Amino acid sequence: MNATGNRYINMIRDIWSIDMPNHGESAVLNRAYLEDRQERGRKEGWDGRCTTMDFTSYLNAFLSIPQLQGHRVVGVAHSGSSTPWTNVFTLFKRRSHPHPFALLFIEPVIMFPGMSSNDPRVTHSNANMRGSLAKRDKWSSRTEAKRWLLGIQGNRSEDQGDQRRNIDISGSANQREGQSQNVGSGHKKRTGNGKAKAKTPWSKWDGRVLDLFVERALEDVCEPTLPLQGSTTTAKSRTYVRSMNRKEEESLLYMYSQHTVEPAHLAHMCAALDLEGGGVHIMWAESEEYISQSSRTGILDAASQRVISDRVVPGSGHLVPQETPRQLAETLYDVLVGHVAVAAGITMRASL
């Protein structure tokens with residue numbers, strides 16, 4: 001947001017980022033509990049993995065913290081996280097908080113009961129469930145992880161240097177401050193040493209976002225390795241990095257049922273925020289690969305046309321924050337200044 005120019009002051013008080021209990025650093029802190037819950041689920045015949053309803057309960061509790069009381073809260077949700085925000089507004093009849101004031105949905109993967117199995121949202125959900133279980137999640141180092149994410153093949157030891165391969169972890173040597181640069185075009189190409197660079201989802205990401213992902217979404221692991229029986233050698237340890245979010249937990253969250261809401265609930269939320277707050281605003285990707293135009297129309301119709309504004313983020317695919325962060329920031333800024341601040345009765349002053 002700062003990169004958009006900071007033309008106005010005193011609009012945003014603070015920003016909170018909320019992890020799913022099994023995502024990011026929360027997953028590391030909760031690991032023992034998550035594993036115990038899954039084990040209890042196996043013994044008692046229920047699925048112990050985290051669901052969007054678990055996150056809904058967590059989100060409802062978070063919105064009740066003292067730090068938010070007396071302030072207008074604007075929720076920003078991308079993709080599947082739009083579901084918990086809808087649920088927290090409609091499923092909790094006795095909320096202990098007045099929040100949210102407004103909701104900004106980015107490519108919301110909102111599904112409805114009885115949807116066709118041919119809907120792109122359903123087919124992508126099924127593919128993501130399979131893909132998340134099949135993908136690799138352990139690497140010898142962060143450098144190797146980034147090479148794999150970019151689809152760069154070949155043995156790292158054959159390279160002349162990572163910085164000349166344009167895969168340095170910092171990303172700063174090859175990208176100027178404030179510029180948005182994709183790390184790959186998404187097409188197979190050749191790196192400097194002639195090795196093929198295959199198309200991967202991560203190759204479309206902004207370079208700075210990918211570097212943050214490699215740095216923050218992977219954890220360092222050190223495992224002791226026992227010597228062979230009868231050997232006199234001392235035990236050694238094996239070090240590697242792995243995804244903080246376990247594959248079996250990630251897979252469940254792509255399931256169609258995890259993102260299904262009643263159309264009446266969506267309409268009620270949009271109408272209530274329209275009358276009493278800053279409303280619901282939607283930002284679509286430019287690509288319709290994941291959410292087609294007909295799907296978008298269906299979401300707007302289910303909301304009884306009470307969505308205050310909807311617009312397209314230029315140049316983006318479904319992973320808008322990862323692929324086009326600057327364009328998204330500019331779009332968010334326009335919505336906050338042009339709609340939410342006006343609804344809140346905030347007089348905007350340009351900074352000197």
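The questions and answers below concern a predicted model of a protein.

Me: How many helices and strands are there in the protein?
Reply: The protein has 352 residues, and 46% of them count as buried. Its secondary structure consists of 12 helices and nine strands.

Me: What share of the contacts with a separation of 6 or more is between residues 24 or more positions apart?
Reply: Leu-266 gives an example of such contacts. Beyond its neighbours within four places in sequence, Leu-266 is in contact with residues including Thr-86, Ile-110 and Phe-112. For the protein, among contacts with a separation of 6 or more, the share from residues 24 or more positions apart is 73%.

Me: Which element gives the most residues to the largest nonpolar core?
Reply: This core has 34 residues, and among those touching the most other members are Trp-85, Phe-105 and Met-269. Elements that each supply at least two of its residues include α3 (52–62), α4 (82–90), α9 (263–276) and α10 (293–302). With five residues, the one that gives the most is α9.

Me: How many residues are in the other core, which lies apart from the largest one?
Reply: In soluble globular proteins, nonpolar side chains tend to be buried together. Here Val-313, Val-320, Leu-332 and Leu-336 are among the members of the other core. Its residue count is 14.

Me: In which sense, parallel or antiparallel, do β8 and β9 pair?
Reply: β8, α10 and β9 make a right-handed β-α-β unit. Ala-285 has Val-313 in β9 as its bridge partner. Over five bridges, the pairing of β8 and β9 is parallel.

Me: Which strands stand at the edges of the open sheet of three strands?
Reply: The sheet has the order β3-β7-β6, and its pairing is antiparallel. Eight bridges join β6 to β7. Two of the strands have a single partner strand each, so one side of each is left without a neighbour in the sheet; these are β3 (138–139) and β6 (218–225).

Me: Is Cys-222 buried or exposed?
Reply: The bridge partner of Cys-222 in β7 is Thr-239. A residue counts as exposed when its relative accessible area is over 50%. The value for Cys-222 is 52%, so Cys-222 is exposed.

Me: Is Cys-270 buried or exposed, and how many disulfides does a search of the whole structure find?
Reply: Buried means under 20% relative accessible area. Cys-270 is at 1%, so Cys-270 counts as buried. As for disulfides, the number found in the whole structure is zero.

Technical notes
Residues numbered from 1 in each chain as written. Predicted model: local features only at pLDDT ≥ 70, side-chain atom pairs only at ≥ 80, totals over all residues. Heavy atoms only, no water. Disulfide = S-S within 2.5 Å. Buried < 20%, exposed > 50% of the residue type's maximum accessible area, 1.4 Å probe, protein only. Helix = DSSP H or I, 4+ residues; strand = E, 2+ residues; numbered from the N terminus. Contact = heavy atoms within 4.5 Å. Core = buried A, V, L, I, M, F, W, Y, C linked by side-chain atoms within 4.5 Å. Pairing = 2+ DSSP bridges. Right-handed = clockwise from strand over helix to strand, strands pointing away.
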